[in-house]
Amino acid sequence: MPALPRRLDHSEWATLMFTDIEGSTLLVQNHSEVFFEVVDRHFEILREKTVSNGGKVVVVHSDAFFASFDNADDAFLAAVEVQRALSEEDWPDDVVLKVRIGLHTGEVYPVSDTSIGYVGIDVHRAARISEAASGGQILMSSSTMAELDKDKIAEKGSVRFLGSHRLKDLSFPEHLYEVQIAGLLVEFPPIKSIDNHPTNLPKATNSFVGRQNDISAIISLLTSDQRLVTLAGPGGAGKTRLAIETAYRLVPVYGDGVFMVSLGAVAKPSLFLPVVAQALGVPEYRGRTVLEGLTHFMTKRHLLLLIDNFEHLIEAAADLKKLLGICPRLDVLVTTREPLRFAEEVVYPVAPMQLPDATAHEAVSQSDAVQLFAERARAVKRDFVLDERTVPLVANICRRLDGLPLAIELAASRLRILTLAELSGRLDQSLSIIGKAHYDDDQRYTTLSEAISWSYRLLNPDEQRCFARMSVFRGGFSLAAAEHLCGDQTRPDLPVVDILISLCDKSLLTTNTAGGSSRFSILETIRQFALGKLQESGELDSCKDAHAIYYLQFVEQVSPGLVGPDQRRLVGELQMEMDNIRAALGWSLERADFDHICRYLQAVLWYLIPRAQFTEGLMWTDRALAIASGINGTREFAILNDVAGWFKLISGDYAGAVPNFEVAHEIFKSLGHAEDVARTMITLGATMAATIESDTGPNMVIAALDECKKLEDWHSAGIALIALGEGARGGGDMQSAAECYDEALTLMRRSGDQYWMGALLLNMCHVCISNGDVGAARHYLREAIQLATEFDYTMMINLYVALAGEIALKESNFDDAARLFGAVTTMLHRVGVTFEFADQVEFDKAIELTTAQLGAERYGELHAEGMSWDKTRALAFAHGISHQE
C-alpha cells in the first residue's frame, strides 16, 4: 500500500469536474478489441477541452477523469464542449460512448501526492454529483450555478432545476441542475439519488468471490414471503459481506429502498430504533415516538432492512418484531452469531467456504475458498496464478483455515513477505500446535481466532501496541485520531502513518476515503481480538480515557458552527464520528466523569436538535441524571437538567421541560452564574407561558431579555425575543410580534445562527401575510426556503409550501392556493405530523377561506391535484409563487 497523502496547509476555491464512462464493464465485454482505443481517445478529448478552457487535469484513473478550474464559467464551457465533441466523434465498431459529468464549486485542500491532487468534503461532493448523472448528462451543484455567468449559459443552451436530492454518504440534500446543450437535448432518466434509487449500502473495497448458491437461496427466501431471514454463523464466516452483496442484487426488487443498519458500534438496545430511523432519514416530531415515526414511514413502503451485527442487542429484537407486525411490506435480513429466536424468523446458516472432496486440479482450483485466496493474493502479488504447483498449497492453506473467508484473506495478505510454500508450512506448524492446546465447541471459530493470533504474532512490538489500541475506536477513525492514541507509543523514526499502512497491508485494518480524507476501520471480529490484547496489557482504561479526551476536543471544536453557515461541512465531519462520540460518552458515564458528560452533551445538543434526534438525546440525559444523585446542587447537575429541558422543549414536551429548567435555574442562581441564570430564565419562562395561565412566564422572559442585553449576550437575547414574538402572535398582536421577530432576526444574523434564522424568516412571512404586505412576505419566504433546503430543515420546508399557498390566497389566486395546500397535506401525511398549534390554526383557516371562494367541489379537485405532487414538484411550484413580482 502506498504512503498516505499529507494534506498541505492551505486551501483553494475551485470548480471541480468529475467524469466517467457509463456502462464501461459492458463496453469492454462487447467491444474488447477497440475498448482501449476508445478510452484513450475519450481521455484526449477530455484533456484537450479541459486545458483549452483554463483547467488543470488532476487525476486520470481507469475510465474516470478529475479536473479543476479556477472559475465556474470555464468548467461549464469545458463540460459542454466535452459532451458535444464526444457526440460528434466517429467511434470504431459502432461504439456508443456515454460519459456522465458532475460539476461542483467549493473549498479543496491540495495534498502532497499528485496522484490524488485534492482532498476535502467538496471533492467527495463533486464525485457524488457525477455518480448521480446518466451517460451524456451534465449535473451541477447550486454553488456552481450561483457562480455562472448567465449570458454564457444562454450561448451554449439552458439549465433546468432538478430539485433537491439526497446523495449517498452526504449529510445534506444537494440542489441539482441539469445542463441542456443546444442541439443535444436528451430526456434523461431520473437522477441516481437516494430519493430515486433509495439505498445506503456501502461500496465494496474489493471484489466479491463465490457464494452464488447462498445468494440465490437467500433471494429465494426473501422473495417468497419469508419476511425475516437471519444469516447466522461464526465470526469471520463472511455474513456481512454476503448480506451486502445479496442486498445489492435486491435493490431493483424493493421499490422503496434497501437500507443497511449497522449495529456494531451501538451499545444499548434502547438506541436500536433511533439508529434505524437515522439510517432511513426518518426525523422525530413533537408528540410522536420513534416507533410511531418509523411505522408511519414504513407501513405502505416496500422496504428491505439489512441489520448487521445484531448479536449483542438481542433485547432489541422485540422492537424489530413490532416493526414487522405493523409494517406488512417490510422485509428484514439480519446478520448475527446467534438467532433472534422468534416464530417469524428463518435462520440461514452461513457456513465457511468449503473445499470439494475432489482432488483434481480443475475442481479444487474452481472452489470458492481457493478462488478467494487467489483473488486476494493477486491484490498483493500481481503475478500470482493458480497452476499445478500452487493449487495444492492454496488448497492446504484453505483447509487448514477451515474455509473461513476472513482467515483466508489474512493469510493471503502475508504473501507480501512470504512465499506460498513458506505460508503453507508456517500455518501447518502454527495451527497444529494451537490445535493440540485449545478445544472449543466450535473448532472453526478457534481456527479463526488463532489465524488472527498468528497474524498478530508476526507484527513487530510497535505494530502490536498500536493494533491493540485501535480496538477502542468504533465505526472507523482518522489518521489524526490514531496519532493521538498511539503517538506516544512509537519510536520517533516510525510514524504512526507507517504503522497504519503496514496493518492495512496485512488486512488487519481497512482504509477508504470518506469526506475527502483517509479513514480507517477494523472488522468487528478482529477488533474483539485486539481489545482482548489491550485488556491483557493493562492499558484498556487509559486508552479509553485518551479516546474520550480526543473526541471531546473534536466535538467542542466543531460544536460552535453546527448551526452556522459552515454547518454542511461540520455536521458531515461530526456525523462520521458519531459512533466514536457515543462510545466516548458511554465511557464517561461508566466513569461517572460528569465534567466530560456535561461537555459532551452541551456540544452535541445542537447537532441532535436540528436533526430531531430527541430520543437519543433524552436517553443520554436520563442515564446521566440516574447516576447524578451525588452531584445535586452543582453546576454539572444544572447543565444536565438544562440540556434535558432543551430536548423536551424543542420536541414539544413543555410540561416535562419545566421541572428541568426550574432545577437548572435555581442552581445557576445559587452559584451566581449570571449568563446561565438569564438563559434559563428564558427557557423556564417560555415553557411556563406555554403550560400555565399566568403572567409569570412572560414576565420572566421580559426580565431575561433585559439581563441578556446588559450582559451583551445577543444570541440569548434573540431567543428571548423569539419567545416574546410567539406569545404576541398567539395573542393576535401582529405588530408586537413583527417588532420582536425583526429585532431577533437582526441578532441571529449577527451570530450566524441559521437554525433560528430559518424559523424567524417564516414567522416574519406569517406576520407580513397577516398585515397584507405580500411583497415583504415573498422576500422573507425566498430567504427562508434557501436556508431550509440548504440545511434540510424538514418542517420549515413544509411550512414554506403552505405559506406560498397563503400568498397565492392573499392575491386571489385561489386555484394555486388549493393545489399548494394539497401538496402540503401530502407532505405532512408522509411524515405523519401536523404543524405546531399556531401554524396549524392559520393553515386550517387558509383552507377554509380558499374552499369558500372556490366551492367544495372545485377545491377538492385542485387539492387532489396538489396531493399527487412529489416534494420536488411542490417546491418548484412554491418557488415560482415566491419569486413572482
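Q: Why is the contact of glutamate 783 and arginine 749 called a salt bridge?
A: A salt bridge is a side-chain nitrogen of Lys or Arg within 4 Å of a carboxyl oxygen of Asp or Glu. The side chains of glutamate 783 and arginine 749 meet at 2.5 Å, N to O. That value is within 4 Å, so the name applies. This is a predicted model, in which local features need pLDDT of at least 70, side-chain atom pairs count only at pLDDT 80 or more, and totals for chains, interfaces and linings use all residues. Residues are numbered from 1 along each chain as its sequence is written, and side-chain values use heavy atoms, with hydrogens and water left out.

Q: What makes glutamate 783 and arginine 749 a pair that ties parts together?
A: Glutamate 783 sits in helix α34 (residues 774-790) and arginine 749 in helix α32 (residues 734-751), so the bridge joins parts 34 residues apart in sequence. Helices here are DSSP runs (H or I, at least four residues), as are strands (E, at least two), numbered from the N terminus.

Q: Why does arginine 749 count as partly exposed?
A: Buried means under 20% relative accessible area, exposed over 50%, and partly exposed in between (1.4 Å probe, protein chains only). Arginine 749 has 38% relative accessibility, so it is partly exposed.

Q: How do you know that aspartate 595 and arginine 599 form a salt bridge?
A: Their closest N and O atoms are 3.1 Å apart. Both residues belong to helix α25, four residues apart, which means about one helical turn separates them. Aspartate 595 is partly exposed at 37%, and arginine 599 is partly exposed at 29%.

Q: Which distant parts of the chain does the pair of arginine 41 and glutamate 89 link?
A: The two side chains meet in a salt bridge at 3.2 Å, N to O. Arginine 41 is in helix α2, while glutamate 89 is in the loop between α3 (72-88) and β4 (99-110), 48 residues apart. Relative accessible areas are 27% for arginine 41 and 25% for glutamate 89. A search of the whole structure finds 35 salt bridges.

Q: Why is valine 51 called exposed?
A: Its relative accessible area is 55%, so valine 51 is exposed. Valine 51 is found in helix α2 (residues 35-52). With Val57 and Val60, Val51 makes a nonpolar surface patch of about 200 Å².

Q: What lines the largest cavity?
A: A cavity is a set of points, on a 1 Å grid over the protein atoms alone, where a 1.4 Å probe fits but cannot get out; lining residues have an atom within 4 Å of a point. The largest cavity has a volume of about 50 Å³. Its lining residues include Met578, Tyr600 and Trp620. Helix α24 gives the most, with four residues. The lining has seven nonpolar, no polar and two charged residues. Ala, Val, Leu, Ile, Met, Phe, Trp, Tyr, Cys and Pro count as nonpolar, Asp, Glu, Lys and Arg as charged, and the others, Gly among them, as polar.

Q: How many cavities of 30 Å³ or more does the structure hold?
A: There are four cavities of 30 Å³ or more.

Terms used:
Patches are made of residues with over 30% relative accessible area and no salt bridge: like charges are joined within 9 Å, nonpolar side chains (Val, Leu, Ile, Met, Phe, Trp, Tyr) within 5 Å. Accessible areas come from the Shrake-Rupley method with a 1.4 Å probe; for residues, only the protein chains shown count as cover. On a 1 Å grid over the protein atoms alone, a cavity is a set of points where a 1.4 Å probe fits but cannot get out, and a pocket is an open set with protein on both sides within 12 Å along at least five of seven lines; lining residues have an atom within 4 Å of a point. Grid points are joined across faces, edges and corners, and a volume is the space filled by probe spheres set on the points.
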